[in-house]
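Let's go through some structural labels together and see where each one comes from. Have the sequence and the 3D view ready.

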Amino acid sequence: MAARPTWQGHLKLSLVTCPVALYTATTSTNDVRFHLINPDTNNRIRMVPTDPDAGPVERSDLVRGYEVSKDEYVLFDDADFDKVKLESTKTISIDKFVDEDDIDRLYWDDPFFVVPEKGAGVEAFAVIRDAMQKQGKVALGQLVLRGKERQLALEVRGKGLIAYTLRAHDEVRDSDDYFDDIPTVKADPDMVEIAARIIGQKEADFDPTDFKDGYDDALRAMIKAKSKGGKGVVDVAEPDDTNVIDLMAALRNSLKGSATGTKTPAAKKTPAKKAAPKKAAPKKTAAKKKTAA
């Protein structure tokens, strides 16, 4: 496996344990990335850690500090963090099982692939996996990951497991703080019926390959244009706000448009397609340094 594991340790269910590794399930390698450039020299800017009194310092020589009062810090080095020993630092201990619907989607966070390490522990992993599949439940456990203990939700996926980090309760804001100020409006039943019919005409199965990042494509087009000396500016008109007086007319016209347009029939349930490979970004033209006249 080419990817490096994010975490290695053990998965534990009661007295059954097995060595496992976690791999990040998502990637950002295809994102368009930019560097900071000094336009006067066309040099890439380097971020150098600097002490206001001593000047530039080596990052490897630095320690972390927690501010207990204004300009007063408690210092921590790597050895201090190693002294914080919890079972969840090296072990995912499954504590309970719940129905997936019991977990509010606001709490779901980053996904990881849980893969057994090769060796005798594979059989123990298979026992835990198959028992979870038989019960149809999501397992909950804890794990210290990236300097923080997180709750995990684990579910069966093929021959392995998917572990989602769950946001803590104090990380999720109360929706009432935002929704309580929404005015109470009783929607016209006829309008709701028309809107529901429009929704029905647009019903389809979810296919992740359908989504294309238009902003990413526009950036790549602009990069290509700029590399050839063009400006590559893209203008997009914003839609007008809905005129409340014509809301019924707008709904009826939308319904007619959906009915006369090409309607995609509800597709049969099929396995999700593999993501189509993105087109390679155009080669970047190296910026030449300016020279004094």
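Q: Where does S93 lie?
A: S93 sits in strand β9, residues 91-98. Helices (H or I, at least four residues) and strands (E, at least two) are DSSP runs, numbered from the N terminus. Before we go on: this is a predicted model, where local features need pLDDT of at least 70, side-chain atom pairs count only at pLDDT 80 or more, and totals for chains, interfaces and linings use all residues. Residues are numbered from 1 along each chain as its sequence is written, and side-chain values use heavy atoms, with hydrogens and water left out.

Q: Why is S93 called buried?
A: Buried means under 20% relative accessible area, exposed means over 50%, and partly exposed is in between (1.4 Å probe, protein chains only). S93 has a relative accessible area of 15%, so S93 counts as buried.

Q: Which residues does S93 touch?
A: Leaving out residues up to four places away in sequence, S93 touches K12, E87, L140, G141 and Q142. A contact means heavy atoms within 4.5 Å.

Q: Why is L62 called partly exposed?
A: Its relative accessible area is 46%, so L62 lands in the partly exposed class. L62 lies in the loop between β6 (55-56) and β7. With residues up to four places away not counted, L62 touches P49 and V57.

Q: What makes β7 and β8 a pair?
A: Two strands pair if DSSP finds at least two bridges between them. Strand β7 (residues 64-69) and strand β8 (residues 72-76) have 5 bridges, in the antiparallel sense. S69 stands opposite E72 in β8. The hairpin has 2 residues between the strands, and D71 takes a positive phi near 65° there.

Q: Which residues make the nonpolar surface patch of about 470 Å²?
A: The patch is made by Y66, V68, V74, F76 and F81. Patch residues have over 30% relative accessible area and no salt bridge; like charges are joined within 9 Å, nonpolar side chains (Val, Leu, Ile, Met, Phe, Trp, Tyr) within 5 Å. Accessible areas come from the Shrake-Rupley method with a 1.4 Å probe, and for residues only the protein chains shown count as cover. F76, in strand β8, has a relative accessible area of 33%, so F76 is partly exposed.

Q: How do you know that K137 and D99 form a salt bridge?
A: A salt bridge is a side-chain nitrogen of Lys or Arg within 4 Å of a carboxyl oxygen of Asp or Glu. The side chains of K137 and D99 meet at 2.6 Å, N to O. This pair links distant parts of the chain, 38 residues apart: K137 is in the loop between α3 and β11 (138-145), and D99 is in the loop between β9 and β10 (108-116).

Q: What makes K148 and E171 a salt bridge?
A: Their closest N and O atoms are 2.7 Å apart. K148 lies in strand β12 and E171 in the loop between β13 (160-166) and α4 (176-179), so the pair ties together parts 23 residues apart in sequence. Salt bridges that share partners join D109, K148, R150, R167 and E171 into one network.
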